[in-house]
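Hi,

Here's the structure I promised to pass along.

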Amino acid sequence: MLERIHNALSLMDKACKSLARQINIMEVCGTHTVSIFRSGIASTLPAQMKLLSGPGCPVCVTDLSYINLVLELAKEKNVLIATYGDMVRVPGSDGSLERKNKNNNVMVVLSSEDALQLAKDNPDKMVVFVAVGFETTTPATAVAVSEADQLGIENFCVLSGHKRVIPAMQALLSDKNNKIDAFLCPGHVTVIIGSDAYHPIVNQFAKPCVVAGFEPMQIIQGLGEISRQLIEHKVEVKSVYEAVVTQKGNTTAQKVIDRCFEPADGYWRGLGKIENSTYKLKPEYERFDACRRFGVEEKPVDDTTGCRCGEVLCGLIEPPQCALFGKKCSPDIPVGPCMVSSEGACAAWFKYGPKGERAK
Amino acid sequence: MCLAIPARIVELEGDKAVAEAMGNRWKIKTTLLPEATVGTLVLVHAGFAIGLINEEEAKETWELLAQIDAFNQTQDKISG
Amino acid sequence: MNTEQPPKILLAHGGGGRLTDQLIRQHILPKIKNDTIAELADAAKLNLSSPQVCFSTDSYVVKPLFFNGGDIGKLAVCGTINDLAVSGAKPVALSLSLIIEEGLEISLLDKILSSAAAAARENNVLIVAGDTKVVELGAADKLFINTAGIGVRLTGVDLGLDKLAVGDKVLLSGTIGDHGMTIISQRQDIKFQTEIQSDCAALAELTCSILENTNGVKFMRDPTRGGLAATLNEIVAGSNKAIEISEVDIPVNLPVLAAAEMLGFDVLNIANEGKFVAIVSPDSAEQALGICKEHPLGRDAAIIGRVIEATQAPLVELITKIGGRRIVQMPYGRELPRIC
């Protein structure tokens, strides 16, 4: 293992020397952010190599309007909110599910199937499933919706916050201020969509796209491969996650997504509106759409708090450049998701400074 | 949105399965992976098997899996 | 005339009258057999060998009441014994207070009382005082227990965070995460089948053995709520030093690690109920480790790190498996399963 680390690190060193400037590699998956943080990889990289945590964790990219909607629905009578643990502490305009749950009706679930079971077990309640996640998680929601449809389970609906990785990457690269040199692509999203899905990024923007898993060694190998491409002035889609990634992906899962969902424009925290970047339930399944059930819609919120999470997510500013940082926004009183998530860029910076050194 | 763990299918009926990882057994669905059979090593995410795992590559990729021989030896000692 | 014993706890069992008396005499006393409690006095008279005592209390609200490796009764006794043990005392006596929800099956209460009594007996600690209250349905979740304990400090032992010095070693008595992951595996919303067992156990015999046979122990604590991460953070905050630990040296059972990974939990933040952390001077560390390893409760003990200067701030730093470094934070206090 040490040899592989050594090889990857020397490739990274070479890349830094040959480009003679800072190299910015963006990862767009919360699980990558967490793994990088937990394994302390940043502290082993050459000083010029910078890892940007992009818009990839449900906590960080979920727009204020979505969370506000969840909180509004939680107040309704006879509603059970079923959510993945990730969303419980995300703040809306006025608190989070954890803090504002006066009705005691928020249940943490591990699977969309659990949410559906909740509906079966509680016929007098309407279960609202807080469906967030990229293409890795979208098929699970689609299966639950299909089953609800087949079994005639009417007290189940979904607030779809599912997002699509490729349009987000395209939006990031279309911003002329972007500083991205390459992408570390999310291994498990790729298990679903297939590594071929990244060719448009490579063709349109000429940035290396390397798919990696989440074990520290995987990430290091992924960074090594990116470095190799930069050194050789090559730009291609490559995977170091051979154990499980294929070019075509999981076609069963893709079909299930297509059956229930269609792409729609959506709001990403800080990035604003991105075309075709989210999934919305198709008309034949719209009775399972929580917005239709309750006659509500996501209202884009004018974020007047001064929160600059979006720019942090895109790697455009460092956390201390946000006026709220350390003053109105800190881990104990978080304003934006980047401070809520303990691995969010702002929370990490607040506690440990850049690259893990303690902030002075 | 990507936390997923390798586990082996030990029971399968229709698309309802039990997957085992280091002695822990989790109820999962194989709806997204109809090619899964008992004995297959799969990637489990949010209660679903989402991909088949190449066993040869698996030990190189996942440290926990690489330790499975050591784990099985201790299990044999306990039961044997 | 004997009244028939109902199979469930009624409000009257807490009323201080006939049913309370029956509960004590027929269910509690027969299990906790000692002369002191048999007196049923308002307070227990104790003769302690020294006026240098330690005193501690804890309440137990664990759900479910019964889990692999123990139950709330065993937990309540071991937990307070451990607080005394890590403070450098030999536990002598405990009080046992029950707050029972109306409707609890008496057979379950019997099992729990037997466990508590057995745990006390096996560790030579007397349960000398107690209380029983019954609250209405819904006012408590089946059963809450409070135990308070008194112990005599071992001669010459004076543990404290002010004693820590740069170079001291961090000794961990065994694997982490077992208790917390066992409880989690039985939660309705998470349930998975597993052989994982809680490590619930009383450590007094082991801690006393170390303290009586070495003289370099500066401080000890049992990493319960918040896990090893919380305990180490408390230590650095209270001593104004920093601690550096090494991930490869931390003992963890593979099934516990695998279960934590499935849910997105960090084992460092998961509760333990039969482990302690000790800060030991460098020249006594190996000896203390040896004593641990000879004892059934310390077989997996390891030196996991050292005390260092707090150059920027008192913090806990982890050297990761791949040679990276990161800070171990004080946990939020609630581990939520992630998909991300």
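Let's start with helix H4 of chain C, residues 106-122: its 17 residues should span 24 Å at 1.5 Å a residue, and the end C-alpha atoms are 24 Å apart, so the two agree. Keep in mind that this is a predicted model.

The buried residues of H4(C) include C:Leu109, C:Ile112 and C:Leu113, along with several alanines, among them C:Ala116 and C:Ala120. What do they pack against? Helices H1 (18-28) and H3 (72-85) of chain C, plus strands E3 (70-71), E4 (89-101), E5 (126-135) and E6 (143-153) of that chain. After the helix comes C:Asn124, with a positive phi near 55°.

Still in chain C, take a look at strand E10 (residues 277-280). Both of its faces are covered, with C:Val277 and C:Ile279 buried on one side and C:Ala278 and C:Val280 buried on the other. E10(C) runs antiparallel to strand E7 (residues 169-172), joined by four bridges, and C:Leu172 has C:Val277 as its bridge partner. Strand E8 (residues 217-221) also pairs with E10(C) in the antiparallel sense, over four bridges, and there C:Phe219 stands opposite C:Ile279.

Over in chain A, strand E5 (residues 126-133) has eight of its eight residues buried. E5(A) pairs in the parallel sense with strand E3 (residues 79-83) over five bridges, and with strand E6 (residues 156-162) over seven bridges. A:Phe129 is a handy landmark: A:Ala82 stands opposite A:Phe129, and A:Val158 in E6(A) is a bridge partner of A:Phe129. Finally, E5(A), helix H7 (residues 138-151) and E6(A) make a right-handed β-α-β unit.

Cheers

Key:
Residues numbered from 1 in each chain as written. Chains lettered and ligands numbered in written order. Predicted model: local features only at pLDDT ≥ 70, side-chain atom pairs only at ≥ 80, totals over all residues. Buried ≥ 20, exposed ≤ 12 C-beta atoms within 10 Å, placed from the backbone. Helix = DSSP H or I, 4+ residues; strand = E, 2+ residues; numbered from the N terminus. Pairing = 2+ DSSP bridges. Expected span 1.5 Å × (residues − 1). Contact = placed C-beta atoms within 7 Å. Right-handed = clockwise from strand over helix to strand, strands pointing away.
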